[in-house]
Structure formats: structure tokens, C-alpha cells
Amino acid sequence: MKSDFDIKDLDNNFQYEDSFNTRYVNPKKLNEFLNANYKNQLVQVGKSVLNKPIYKLTLGKGKRFAIMWTQMHGNETTGTLSALDLLKFLSSEGNIVHAILSEFTVDIIFMLNPDGSEVWTRRNIEGIDINRDYIAESSIEMHVLKQIISEKNYHLAFNLHDQRSIFGVKGKKEPATLAFLSPSVSEGREITDVRKKSMGIIAHIYRELTCILPDKISRFTDEFYPRSSGDNIQKSGIPTLLFEAGHYPDDYQRKKTRKYFSLALITALYYASTEYKWEDQHEEYLKIPENSISYYDIIYRNVRLSTNSNRVADLGIQYAESIKSGDEEISFSAKIEEIGDLSHFYAHSEYDAEGRSFYSKISDFPKLGLMADFQLDEWIIVNGKKLDSFV
């Protein structure tokens, strides 16, 4: 990579697209923004089940083609927000921008699943997981994606997602803020020439981003999913990079995660633009620590299961996310996800209850799925969080 690229400088001078400052992205607001600011580069390529438009935005004049798509899963917005940040960056001046836009023509499908995005659900409005619909093509949205991919000889694909806050970096007490995957093309997980190219690009992203995000980047499992988009697109011969946005400490709105995700996109595009042997050092990809299901949002340790028992256990609390009608941001509802020995798990927030007894108005003992509003003797827990005093 050329000396023009300095990840620390990009980090220090990063600019968000400040028209979007919430984790929730309203489809109508997004469409109005794109039409107001990028109308000449925007094409409607389809409609959702509920007739919401699906847009493709094109940047650059290069002879090589890259495609990325966002919000295939409606409740995974970091890709959309980072793509907006990428647009802002590529609208500026500089050697990095010039290198990308002169080498590549970049197509971005914004919000492939607008119906699910509006109501904050993973699946589309008909209940189909679009990312498991590549073969059957039961969803309108997958038909749109496959049609666009068939229209050009794409050299690179970006499949942009979010992962839950349950994931950490294997072997480290750190959340997986970013995870990457070069998808497998068969159950044998063989490393083909096409996989080597996407592996090499991801390895370079990892080398750069660890300078500003140490110990918080992982490698997603390469188990073969025969119905999935990334696996099949890579199988078709297009080097495919799957991005997963995860948790950063005290950042449930994923603002910091969004920045690192955006910088990873810039890094990948610049490297792909300035280097032609993408497969070089692809072996380094396999040295990236694996993703690990190792976190709860909150753990209360050593809880007495009731006032009438001396038995203790840990309570694992997890947030459920939703959007309420008329709201501009998602809400978090804490529920009891696990009861028992959680000594091998970490938590983003953790408390030692030291034998305090559980009690709630609903139940005298903890239950799975119970809202996390309860008492541990003098401690008051409201929506999973310990209050400092009675109110």
C-alpha cells in the first residue's frame, strides 16, 4: 500500500455523515437524503414487498467494479451508516479518494430490506431471512440483489452486517467490535484462488485497523452456508468480504463501531485500488483470532435464588432491541437470558451480588425471559441496571 495511506491520520480526522446520528435509520429519511444529495448517481433498482424503493448509488469511473449492499437484515444499520460516511469521505479531495475513484466503479445498494429496516426486524416483512434465500430466491429483495450482480463483471463484493453484543475475541477479554469473513465455497472450506484474494484484503484490513483498534477484531466462522449470499457469490468467482459490526465498550449506539467500520471500508477499497496481488499474505488471515460467543450485556454473579434458599447462581442479562412507533431511536429492554454457572463468560457490565437474595413482584425466583426489573436485597435493578439508591 502506498505511503499516502495513514490509518492513524484517517482516524484522527474522521468525519461522520452528521445527517444521521442515530443507530436507527428511517427508510424515508434515507431515501430523501440520497435523492437530495446524490440524485445524479442514484438509480431505483427495485421495490420491496410494501413497495418501498430500493436504490443503487454509483461512484467512481474505474474499470474495475465493486458492489456493496447494506441492511439485508433490517436491524443491522452500521453498514448503511458507514456507507454514508464513505460517501462523505469520497466526496472530499486527496490521493486516497483519487486512487479509489479512478481505479474502481463502486455500486452501493442501500437498505436492501427497507420493510424490515423500518420496523427493526432481521427478516423481511414476509418473514424471510434474505441472507438465506440465495438459492430459492423467494424474496423480492434477493431477486433485486442477484439481478444487479448479474449486470456487471464485479471484481469485489462487500456484504455488510452487524453482529450481536454476545461476541468476543477468542482468547481475549475483549468484545469483537469488528469481525470479518472470507466465506467458504463448499463444506470442505478449501482455500480457492478467489478466497485467497478476499482473505488477503481482510488480512490487510486487520493489519491496519489493529493499530487503532487493538485486540477487538476477530474472524467470523467460515462454516459453509449453502443458502447464503456471501458463500454463493464467492463461489461464483467474485472475491467477497463479509463485514460484521459488533460491540465497543459503553457504545450501544455503535457510534465508535461505525467509525471503525467506515475506516475498514476505506482501507479495503484503497488497498484493492493500489495493489493487484490481493492474495499476497493471505495466510495472515488465518492468524486473526476467531469470533467467540463469550459475552452477556450484564452479569450479576453469586445471586441467592430466593430469600428462602442458600443456593447461588449467576444471572446473565441480555438487551432486546426494538423501535417504537414514532421514535427516532431504538429502545433496549433487558431480560434474564441465562441462570447458572457463567464463570466462563464475560459481561459488558458486571456485579458481584455477594449472596444477595433475588426478589421481584412477578416471581420469587429468577426465570428465563423475565424482564430484568428485580431486587437483590437492598439493590434495585431497573431494566438490567443497578440503581445507586432507592427512588
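**Entry 1**

The model I am reading is a predicted one. I looked up the angle next: the axes of H2 (residues 27-37) and H3 (residues 78-90) cross at roughly 15°. Those axes come within 13 Å. I wrote down the hand of the crossing of H2 and H3 as left-handed.

Which residues make the contact of H2 with H3? From H2, I listed Leu30, Phe33 and Leu34. From H3, I listed Thr80, Leu84 and Leu87. I then sorted the residues of this contact by class: five are nonpolar, one is polar and none is charged.

I turned to H7 (residues 193-209) and H9 (residues 255-274). Their axes lie 9 Å apart, and the packing angle is about 125°. H7 and H9 are therefore oblique to each other. I recorded their crossing as right-handed.

Next I looked up who meets whom. H7 brings Gly200, Ile201, His204, Ile205, Glu208 and Leu209. H9 brings Tyr260, Leu263, Ala264, Thr267, Ala268, Tyr271 and Ala272. How do the residues of the contact of H7 with H9 divide? I sorted them into nine nonpolar, three polar and one charged.

**Entry 1: the largest pocket**

I looked up the volume of the largest pocket and found about 770 Å³. I found 36 residues lining this pocket. Which of them are the closest to its centre? I wrote down Glu76, Arg122, Asp162, Gln163 and Arg164.

I then checked which elements give two or more residues to the lining. The strands are S5 (156-162), S9 (240-245), S12 (312-322) and S13 (331-340). Helix H8 (229-235) is also on that list. S12 gives the most to the lining, with four residues.

Last, I sorted the lining of the largest pocket by class. It has 11 nonpolar, 12 polar and 13 charged residues.

Definitions and conventions. Residues numbered from 1 in each chain as written. Predicted model: local features only at pLDDT ≥ 70, side-chain atom pairs only at ≥ 80, totals over all residues. Heavy atoms only, no water. Axes fitted to C-alpha atoms, helices over the stretch in contact; angles between N-to-C directions. Parallel < 35°, antiparallel > 145°, perpendicular 65-115°, else oblique. Left-handed = near helix turned anticlockwise from the far one by under 90°. Contact = heavy atoms within 4.5 Å. Nonpolar A, V, L, I, M, F, W, Y, C, P; charged D, E, K, R; others polar. 1 Å grid on protein atoms, 1.4 Å probe; cavity = no way out; pocket = protein on both sides within 12 Å on 5 of 7 lines; lining within 4 Å. Points joined across faces, edges and corners; volume = space filled by probe spheres on them.
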